[in-house]
Amino acid sequence: MLTIIMDIQNDDDRSFVEDVYIHFERQMYVISYNILRNHHDSQDCVHESVARMIEHLESLKEAKENGRLAS
């Protein structure tokens, strides 16, 4: 699991990000690998994407509540 997720102080927020990560990690990796054609760069891309998601956590939670984020 990403260390950055473990740094989230609020248990509910951490759980939410973990769920999103588990659900979308493979899909994000495949898309980034198809573009970058490099395993390590693709992993970095996924991790950076998760870090950015955490920066916009409230918007992500709102998208989930409004049905714009698949479960």
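Guide: Helix 2 and helix 3 are oblique to each other in this predicted model, because their axes cross at roughly 140° and an angle has to be over 145 degrees to count as roughly antiparallel. The two axes come within 8 Å, and the crossing in which helix 2 passes helix 3 is right-handed.

On the helix 2 side, the contact is made by V17, V20, Y21, E25, M28, Y29, S32, Y33 and L36. Helix 3 contributes H39, D41, S42, Q43, C45, V46, H47, S49, V50, M53 and I54. Sorted by class, the contact has twelve nonpolar, six polar and two charged residues.

Two residues of helix 3 show what this contact looks like from one side. S42 lies in helix 3 and is one of the residues that meet helix 2. With neighbours within four places in sequence left aside, S42 is in contact with Y29, S32, Y33 and L36. S42 counts as buried because its relative accessibility is 0%, and the cut-off for buried is under 20%.

V50 is also part of the contact with helix 2. Beyond its neighbours within four places in sequence, V50 is in contact with V17, Y21 and M28, and also with L2 and I5. V50 belongs to the largest nonpolar core, which has 16 residues. V50, V20 and L69 are the residues with the most contacts inside that core. The elements giving two or more residues to the core are helix 2 (11-36), helix 3 (39-55) and helix 4 (57-65). Helix 2 gives the most, with six residues. As background, nonpolar side chains tend to be buried together in soluble globular proteins.

H40 lies in helix 3, and at 55% relative accessibility it counts as exposed. D13 lies in helix 2 and counts as buried, because its relative accessibility is 15%. Not counting residues up to four places away in sequence, D13 touches I8, L57 and K61.

To put the part together: the right-handed crossing is oblique, and its contact includes both the buried S42 and the core residue V50.

Note on methods: Residues numbered from 1 in each chain as written. Predicted model: local features only at pLDDT ≥ 70, side-chain atom pairs only at ≥ 80, totals over all residues. Heavy atoms only, no water. Core = buried A, V, L, I, M, F, W, Y, C linked by side-chain atoms within 4.5 Å. Buried < 20%, exposed > 50% of the residue type's maximum accessible area, 1.4 Å probe, protein only. Helix = DSSP H or I, 4+ residues; strand = E, 2+ residues; numbered from the N terminus. Contact = heavy atoms within 4.5 Å. Axes fitted to C-alpha atoms, helices over the stretch in contact; angles between N-to-C directions. Parallel < 35°, antiparallel > 145°, perpendicular 65-115°, else oblique. Left-handed = near helix turned anticlockwise from the far one by under 90°. Nonpolar A, V, L, I, M, F, W, Y, C, P; charged D, E, K, R; others polar.
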